[in-house]
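Take a guided look at this model.

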Amino acid sequence: MHTSSRRPGRLVAIAAVTALAGSLLAGCSSDDDTSSEGGDGKVTLNVGTFGVLGLKQAGLYAEYEKSHPNIKIKENVIERNDAYYPKLLTQLQSGAGVNDVAAIEVSNITEVVQTQGAKFEDLGKAEGVDKSTYLDWKWKQATTEDGKTVGLGVDIGPTALCYRKDLFKKAGLPTDREELAKEWAGDWDKYVALGEKYMDKAPDGTKFVDSASSVYNAVFAGAKERYYDKSGKEIYEDSQGRKDAWDAAMKVADGDMSSKLKQFDPTWDQGFANAKFATVACPAWMAGYIQEKTGPEGKGQWDMAKAPTDGNWGGTFLGVPSAGKHKKEATELAVWLTQPEQLAKVFAKQASFPSTPSAYDTLKPSPATKAYFNDAPITEIFADIAKNTPSAVYGLKDAQIGQSITDIGVLQVEQQGKSPAQGWEAAQKEIKDVLGQ
Amino acid sequence: MSETAEYAETASPGEGDAAPAASGRRKASPTSSWRSRLYRWDIKASPYVFVAPFFLFFGAFGLFPLLYTGWASMHRLSLTNLDGSTWIGLENYTNLLRSDYFWNALGNTFTIGVISTVPQLAVALGIAHLLNYKLRGSTLWRVAMLAPYATSVASASLVFTLLFAWDGGMVNWIIGSVGIDPVNWRESSWGSQFAVSSIVIWRWTGYNALIYLAAMQAVPHDLYESAALDGASRWQQFRHVTIPMLRPTILFTVVVSTIGATQLFGEPLLFGGTAGSKGGADHQFQTLGLYLYDQGWINGHLGRASAVAWLMLAILLLIAAVNLLIARRLRKDR
């Protein structure tokens, strides 16, 4: 009798194997379905971001979910843009697993506009979008030549200088923000000269600035000439903005004025907590970072002054990939999130500065943030800088070129003791490799 | 029981007619010919169905990517535009062979591989020998050995990054207490390679020790007894009994570790912190794996990244061939 039971047994086994294989294969695709269509008929919108964009922190998602009961919002954060951006590109290419709303960093926006434009919804034509509420240059950055707007501006990075009052005082420097801004106004050399004074009487174990790269980025933020010219040709070798930034960074590295930390590394975070450096270039989005990493001990010790030149470092856009499953809902969400009222809430919580000037008159930082920076007039400082920022030309590989200069060139001089000439040569070689030349 | 008899019994139950003659059965039961065909099909096809999942998965996740990567390596292919590729033949390969970064990465992969694999296996052998003694709480020790292997690459690397921090890291603090100047572990060339290796050693030593231990316990005990009778010390027993008996196992771990070292990626990436794919300001600890990632996903040159992948495959095949030769030599020696 055992023979007759064997055949069904075998069939069952085949069925089981087939079912297993089937479910394994299906596993890849069914995952997306369940996550975007909750069991209760709700639409889940995935928002892809990097770093701390502040939308969630300001409670905007919760607010939107409340007014739109059929929507659930899920934020997928990747810590750093250099890990987030390749993933975004891969998703756009394959059309699979794309977020319904995707953040785009300003140094990548030109590449996205020029090479990925067709893969995004035109938000310029979306309902409720008023072009005039956004900064003109911010709008243009995300718009293709034939007038398609692939991303709406979230924040910009007007760049001030944050400094530690207590350390400045110990080193015998002025601590008043007006006085300091006047002392170094218009010229980064004056800032470096103040650094030399600081180093003469520097409190034990502290340096003037966190890293030479920070100085490079701050100076470069105000550059009129960046890595590309208007026609899209690379001019990083001769660009005046690049040269000024490089020279300032080299002076800082040469004078041993930096703590030699690499920005966004864990050791950099510790540097904040242990008060290892007296100044740090301070784009608006950095203000939230400083509060978080320095912690309660830094309250009232940090202050903020205008930098020698006005500039913009960083900033973000929100785009809606066409491959998303809920384009209509996603577009509505992206439009809502980038309205002036919403961006003002992000500023209040996180100090990320809105790209919608109509909000500037009513902007208020939270009392905690203001107190943290010794009651500095944060809104006025950033708004003033934002108004005076030169309009900048971005290119295809801005992000990678910048990274090659700071993480290869500047770092070789600062940490490996190479000469500025050697550092620049290494950076150039790296850039050529990046550009595939 | 033979297959035909089995068939007869199941194909025509209740009929009492066990004759397997096809003509008779067709009259007796109209379904039986269908059944017989189904049965024959079953006999022929089910083995294929059983092995099919492996081949399907291998085809989808092994073979296809391999061939596609080969195709991509002959094209100029950008991460920003996968549909627009131009045939450039072997240009990616010649560019790579001319690139300083590629040779640098190859050299780093080799040196990091050596300074992580050699001490790792030596220490593992020693630990396995110790664990092979009768110990109190031996299971506890064995589990403890495996604990580092169970931690994720990410957490291990992050902890080691902090330990090796230039300013305020524990390693510099310790060597500072005996009067040695702090070392910039990440930016010095040998220092960074040592630090990356230490993460690998820490994670994999216990794993290899357990493999050795398993092999040691299979060594017949009378070999030790007779060696002891001949007056061999513990050390002599280890050298003249344990090591020779473990030779195939050692060869196996060497091969596995070599493959692992060739593909080293997570540890140096995370050790590098921000912009980790560059492997330090001077690419001083950029391995082939990191170089591939940097080319493909940071710089967007997917074609060139594919060429790196195929060169890595070629290197691994070369290692496998060398291993085969050594293994054959060892077998002859016996």
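This is a predicted model: local features need pLDDT of at least 70, side-chain atom pairs count only at pLDDT 80 or more; totals for chains, interfaces and linings use all residues.

Helix α7(A), residues 177-184, packs with helix α8(A), residues 188-200; their axes come within 8 Å. The crossing angle is roughly 115 degrees.

Which residues meet here? From α7(A) come A:Leu180, A:Glu183 and A:Trp184. From α8(A) come A:Lys190, A:Tyr191, A:Leu194 and A:Lys197. The contact of α7(A) with α8(A) divides into four nonpolar and three charged residues. No polar residue takes part in that contact.

Stay in chain A for the covalent link. A search of the whole structure, over all chains, finds one disulfide. A:Cys162 and A:Cys282 form this bond, with their sulfur atoms 2.1 Å apart. The torsion about their S-S bond is about -60 degrees, so the disulfide is left-handed. A:Cys162 lies in strand β4(A), residues 152-164, and A:Cys282 in strand β6(A), residues 277-283. The pair therefore ties together parts that are 120 residues apart in sequence.

Now turn to the interface of the two chains. On one side, 43 residues of chain B are in contact; on the other, 46 residues of chain A. The size of an interface is often given as the accessible area lost when the parts come together. Between chain B and chain A, the buried area is about 4,100 Å². Carbon and sulfur atoms give 55% of that area. B:Thr80, B:Tyr101 and B:Thr274 supply 16% of the area that chain B buries against chain A.

The rule finds five salt bridges across it. One of them joins B:Asp100 to A:Lys429, with the closest N and O atoms 3.1 Å apart.

Which elements of chain B supply at least two residues each to the side that touches chain A? They are α1 (3-11), α3 (31-73), β2 (81-87), α5 (100-132) and α14 (288-298). Helix α3(B) gives the most, with nine residues. By type, the side of chain B that touches chain A divides into 18 nonpolar, 14 polar and eleven charged residues.

Key
Residues are numbered from 1 along each chain as its sequence is written. Chains are lettered from A and ligands numbered from 1 in the order in which they are written. Side-chain values use heavy atoms; hydrogens and water are left out. Contact means heavy atoms within 4.5 Å. Buried area is the accessible area (1.4 Å probe) that two parts lose on being put together, summed over both. A salt bridge is a side-chain nitrogen of Lys or Arg within 4 Å of a carboxyl oxygen of Asp or Glu. Helices (H or I, at least four residues) and strands (E, at least two) are DSSP runs, numbered from the N terminus. Ala, Val, Leu, Ile, Met, Phe, Trp, Tyr, Cys and Pro count as nonpolar, Asp, Glu, Lys and Arg as charged, and the others, Gly among them, as polar. Axes are lines fitted to C-alpha atoms, for helices over the stretch in contact, and angles run from 0 to 180 degrees between N-to-C directions. A disulfide is a pair of cysteine sulfur atoms within 2.5 Å.
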